[in-house]
Amino acid sequence: MTTDAFLADCRARLAFDLLSNTWNAVVLWALRDGPGRPVELRRQIGGISSKVLTETLRRLQSNGLVERQAHPGAPPRVEYRLTALGRTFLAPIDAVGAWAFEHGDELMAAQEAECTTTLQPSSEGGS
């Protein structure tokens with residue numbers, strides 16, 4: 001990797017942009033075992049609205065990570081599946097998840113410590 005790895009036109013930045021959106025990784029991970037319909041994905045993921053799921057699926061589709069397949073019928077049925085490119089993104093997501101599992105307690109402790117120091121009244125000041 002060059003020292004210019006994080007410049008705006010760098011390919012690495014594209015991947016970091018994809019990882020920076022929480023729902024991207026979650027939706028990709030939810031599709032790892034096979035195709036899913038939006039209602040199934042919402043149930044599996046939990047905490048994601050229909051609107052946000054739709055936006056996320058469209059974003060992943062426009063990046064070539066997910067494909068949409070419409071099935072005719074009454075009512076019409078739509079499902080999403082990972083593309084070959086999307087499958088390659090599972091390994092980095094898994095690596096970040098493993099890191100978070102290993103260091104999650106440390107992260108939470110640091111956040112709690114920061115919260116405690118920002119909530120304590122300042123000992124400096126007047127009178």
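Accessible areas here come from the Shrake-Rupley method with a 1.4 Å probe. On that basis the chain in this predicted model has an accessible surface of about 9,200 Å², and carbon and sulfur atoms hold 56% of that surface.

Start with the whole chain, coloured by secondary structure. Of the 127 residues, 25% are buried. Among contacts with a separation of 6 or more, 44% join residues 24 or more positions apart.

Next, select residues 22–30 and 50–62, which are helix 2 and helix 4. Their axes come within 10 Å and cross at roughly 80°. Angles of 65 to 115 degrees count as roughly perpendicular, so helix 2 is roughly perpendicular to helix 4.

Show the side chains where these two helices meet. From helix 2, pick W23, N24, V27 and L28; from helix 4, pick V52, L53, T56, L57, R59 and L60. By type, the residues of this contact are seven nonpolar, two polar and one charged.

Now turn to the largest nonpolar core, a set of 20 residues. Select V27, L28, L31, L41, L57 and V66, the members with the most contacts inside the core. Two or more core residues come from each of helix 2, helix 3 (38–45), helix 4, strand 2 (77–82) and helix 6 (90–119). Helix 2 contributes the most, four residues.

Apart from neighbours within four places in sequence, what does L57 touch? The contacts of L57 are V27, L41, V66 and Y80.

Terms used. Residues numbered from 1 in each chain as written. Predicted model: local features only at pLDDT ≥ 70, side-chain atom pairs only at ≥ 80, totals over all residues. Heavy atoms only, no water. Axes fitted to C-alpha atoms, helices over the stretch in contact; angles between N-to-C directions. Parallel < 35°, antiparallel > 145°, perpendicular 65-115°, else oblique. Contact = heavy atoms within 4.5 Å. Nonpolar A, V, L, I, M, F, W, Y, C, P; charged D, E, K, R; others polar. Buried < 20%, exposed > 50% of the residue type's maximum accessible area, 1.4 Å probe, protein only. Core = buried A, V, L, I, M, F, W, Y, C linked by side-chain atoms within 4.5 Å.
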